[in-house]
Amino acid sequence: MAVPAANGGWPAWMARLGVALVLLPLVPGLLWILWPALSPGVWRQLLGEGQLPAALQVSIFSAVGSTLLALLLAWALAVVLYPGIGWRRLQGQLPLLLAFPHVAFAVGLGFLLAPSGWLARLLAALFGWLSPPQWVTVQDPHGLSLLLALALKECWFLLWALAALLGEQGIQRQWVVAASLGYGRRQLWRYILLPQLLPHLGWPLVAVLAYGLSVVDMALILGPSTPPTLAVLGWQWLSDPRPEQQALGSAVAVVLLGLLALLIGLGAGLWQLWRRCRRYPRGRRRRSAGAGVMGLLPWLVIVPGWAALLLLALWSLARGWFFPALWPSQLSALHWLNADLEPLLITLALAGGAILLALPLALLWLEWGPRRYQGWLYAPLILPALPLAAAQYGVLLHLRLDGRLVGVIWSHLAWVLPYMILLLTGPYRAFDERLLLTARALGHSRWQACLAVKWPLLLRPILAAVAVGFAVSVAQYLPTLFAGAGRFSSVTTEAVALSAGGNRSVLAVQSLLQTVLPLLAFGLAAWWPRWRARHRRGLA
């Protein structure tokens, strides 16, 4: 076998070719999708659309509000809990909460907040209500329920990003030094940690904002319907067979991209203004008071996730659960026995195919790929999903691969591959290259050294990246709909479709199936390294 060069050889070409095949077709796809929006008549028609002002307002409100609330909650939790045992316990729960798919969480939160949901049943038991209250707590016209669901779900993601930053030794040393000088907890965060950490949270915040602007699946479940959010409106127009309606959808995709750029610029400007106007510490030490009411914050952030999961489990087993009963009248596995498992098998095929392609590509890119282009790989994570999914459909339509398994798997790779590379970049940088150099000195090629030394030692982060990539593929809604041309029904698309119906038990079963798959992937990723190292002390 030929020895590959440090930055060349066939692995380098494979890495470049694979990543190019995944992402570069998005460029002409975006041009095909956005081209109709260049017509002035399309914009006149869009501006005359009666649903546009309300859709634009609720989209900006839910996206910006959820991003700010998620940041505020994550920051407040870190201020209250870090450092300490509470912070470590929270970190232990984050992988499970992150594995909870957006659609399943939205369905479970709907079971909790709906006028006939569990919270209303609890109030009915206290006040003697016999019928559900006439409240609009789900799909409200202002998008408050959507905002809350997005904020809670993305708060967990921002906490995960914060945990990675707070784990750096430099931050920990600064905390110890400042605390030894007598500064209180709030002063430490305000004057020392906030100015350093917030710039590093910039791209995670952009990803959260982009998702909030273009989310369709959660908006269909919890968002308003008359009119819907701007992303849902654009999705409906792009799915319409009439060219004039598709042109309106293209214009909406341009609006979403423009909104994202505008909000990013506004946020960067506000950050620069805050940096110039902020006060520096004057040396006064202030001991922080006890947590007080803030001590309840971890419960308010974590409990809704577990409550949503519990309600999904109860509804999947319920046979007759009528208002105002707090508990089902009868539990049965009948809905599970009669469940349609075809969406589950399709999801496994799509996620398994995406992982089998993304894992070798990610490893080859991290080992042999050019570092100067790596930032471009994260574009699908920080751009609205609607124009990207529509661009993929345009490419597949021209190649006559729409509605085929290979086309849907390729559409998933645009999100799975960047997430896996993002998660593996840190462990790759932290790897001791002297081990690889020793293997090369013993006569192994770089390829052989990676197979025998480097990748086995990185097994734990590799499996964690595989689990995250699997969960990302399972959660894909728009790519599955567009690329699959309606022929592939995954657990995610099935759950969203069932959310418009009245059978909560069947909806709960499909939502739980969507949840179980990522949980199994994360469980396997945690168990396999321990099982493999069961006879090797210190490696478990």
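Me: Is arginine 434 buried or exposed?

Reply: Exposed: arginine 434 has a relative accessible area of 60%. Keep in mind that this is a predicted model.

Me: Which residue does arginine 434 meet in a salt bridge?

Reply: Aspartate 432, with 2.9 Å from N to O. Aspartate 432 is partly exposed, at 32% relative accessible area.

Me: How many salt bridges does a search of the whole structure find?

Reply: The search finds 5. In one of them, lysine 454 pairs with glutamate 433, and their closest N and O atoms are 3.1 Å apart. That pair links distant parts of the chain, since lysine 454 sits in helix 22 (residues 446-457) and glutamate 433 in helix 21 (residues 433-441), 21 residues apart.

Me: And lysine 454, buried or exposed?

Reply: Lysine 454 has a relative accessible area of 2%, so it counts as buried.

Me: What does arginine 242 pair with?

Reply: Arginine 242 forms a salt bridge with aspartate 240, and the closest N and O atoms are 3.0 Å apart. Aspartate 240 is buried, with 16% relative accessible area, while arginine 242 is partly exposed at 44%.

Me: OK, backbone next. Where is there a cis peptide bond?

Reply: One runs from threonine 226 to proline 227, with omega near -5 degrees. Proline 227 is in the loop between helix 12 (217-222) and helix 13 (230-238). Another cis bond joins phenylalanine 323 and proline 324, where omega is about 10 degrees. Proline 324 belongs to the loop between helix 15 and helix 16.

Me: Which residue has a positive phi although it is not a glycine?

Reply: Glutamine 139 is one of them, with phi about 60 degrees. You'll find glutamine 139 in the loop between helix 7 and helix 8, partly exposed at 36% relative accessible area. Arginine 400 also has a positive phi of about 60 degrees, and it lies in the loop between helix 19 (385-399) and helix 20 (405-430). Arginine 400 is exposed, at 69%.

Me: Why flag those at all?

Reply: Because most residues other than glycine have a negative phi, and most peptide bonds are trans.

Me: What do the buried residues of helix 5 pack against?

Reply: Helix 4 (52-81), helix 8 (144-166), helix 15 and helix 26 (504-532). The buried residues in question are Trp87, Leu90, Leu94, Leu97 and Ala99.

How values were computed: Residues numbered from 1 in each chain as written. Predicted model: local features only at pLDDT ≥ 70, side-chain atom pairs only at ≥ 80, totals over all residues. Heavy atoms only, no water. Buried < 20%, exposed > 50% of the residue type's maximum accessible area, 1.4 Å probe, protein only. Helix = DSSP H or I, 4+ residues; strand = E, 2+ residues; numbered from the N terminus. Contact = heavy atoms within 4.5 Å. Salt bridge = Lys/Arg side-chain N within 4 Å of Asp/Glu carboxyl O.
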